[in-house]
Amino acid sequence: MSSITIRPATAADLDRITEIYADAVIHGTASYELEPPSRAEMGARFDSLKAGGFPYLVAEKDGAVLGYAYAGAFRPRPAYRFVVEDSVYVAPEAKGQGVGLKLMQGLVDAARAAGFRQVIAVIGDGRPDSASVRLHEKLGFRHSGRLEGSGYKHGRWLDTVFMQLSINDGALAPPDPNSLPEQRFLKQKQ
């Protein structure tokens, strides 16, 4: 039995990533999108994240992509440049096998290596017993807010939960001038 490998996503993975996300949109409540985006739209999103230097990973086993995770800008304002928002999606047949945990561990490590200070999870349908909430808790994320009844999908109101993980000393130390977010910011100012 082979093990799950976490690696950077490539454009060749986008068909499978699009399928995994479409299933999450159609059947789940983690995403508040109501219609699955096209392959072209998923490609544009991927290209934008990669161009920004954000981590985008896939979990693979025996050549099959089982899930993906990425970190992107939390908000566009420059003062937020050290904060990323995570997203993680696992194929239906791979749920409950530790794929999400491996992806998130890799994603947090990649965000740490890039010099980010906070990873924010914005969890749709953030019930305390949801797999996403439990996954983030396992990784040390702390609860930092709830927006009650903020989404309506599949005939019911959904709460959005915010969770947060401080990395690289969080707000306890000044920004690293050599970090990816600081270097991007300085380049944009020129």
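I started with arginine 127, which forms a salt bridge with aspartate 129, the closest N and O atoms being 3.0 Å apart. I took a salt bridge to be a side-chain nitrogen of Lys or Arg within 4 Å of a carboxyl oxygen of Asp or Glu. The model is predicted, so I noted its limits: local features need pLDDT of at least 70, side-chain atom pairs count only at pLDDT 80 or more, and totals for chains, interfaces and linings use all residues. Residues are numbered from 1 along each chain as its sequence is written, and side-chain values use heavy atoms, with hydrogens and water left out.

**Around aspartate 125**

I checked exposure next. Buried means under 20% relative accessible area, exposed means over 50%, and partly exposed lies in between (1.4 Å probe, protein chains only). Arginine 127 is partly exposed at 38%. Aspartate 129 is also partly exposed, at 49%.

Aspartate 125 is buried, with a relative accessible area of 4%. I located aspartate 125 in the loop between strand S5 (118-124) and helix H4 (131-138). Helices (H or I, at least four residues) and strands (E, at least two) are DSSP runs, numbered from the N terminus.

The side chain of aspartate 125 also makes a polar contact with the side chain of arginine 156, at 2.8 Å. A polar contact is a pair of N or O atoms within 3.5 Å; within protein, one must be able to donate a hydrogen and the other to accept it, and residues adjacent in sequence count only if both atoms are side-chain atoms. I then listed what aspartate 125 touches, leaving out residues up to four places away in sequence: Thr29, Tyr32, Ser130, Arg156, Leu158 and Asp159. Contact here means heavy atoms within 4.5 Å.

**Other salt bridges**

How many salt bridges does the structure hold? I read off 13. In one of them, the side chains of arginine 7 and glutamate 60 meet at 3.1 Å, N to O. Arginine 7 lies in strand S1 (residues 5-8) and glutamate 60 in strand S2 (residues 56-61), so this pair ties together parts 53 residues apart in sequence.

Glutamate 19 and arginine 16 form another, at 3.2 Å, N to O. They are three residues apart in helix H1 (residues 14-27), separated by about one helical turn. Glutamate 19 is partly exposed at 46%. Arginine 16 is partly exposed at 23%.

I tested the length of helix H3 (residues 99-114). Its 16 residues, at 1.5 Å a residue, should span 22 Å, and its end C-alpha atoms are 23 Å apart, which agrees. The expected span is 1.5 Å times one less than the number of residues.

Buried residues of H3 include Val99, Leu103, Leu107 and Ala111. The buried residues of H3 fall within an arc of 155° seen down the axis, so they line one face of the helix. The arc is that of the directions from the helix axis to the C-beta atoms. Glycine 115 follows H3 and has a positive phi, near 95°.

In H4, I found Val133, Leu135 and His136 buried. They cover an arc of only 160° around the axis, which puts them on the same side of H4. Ala131 and Lys138 are exposed on the other side. H4 is followed by glycine 140, whose phi is positive, near 95°.
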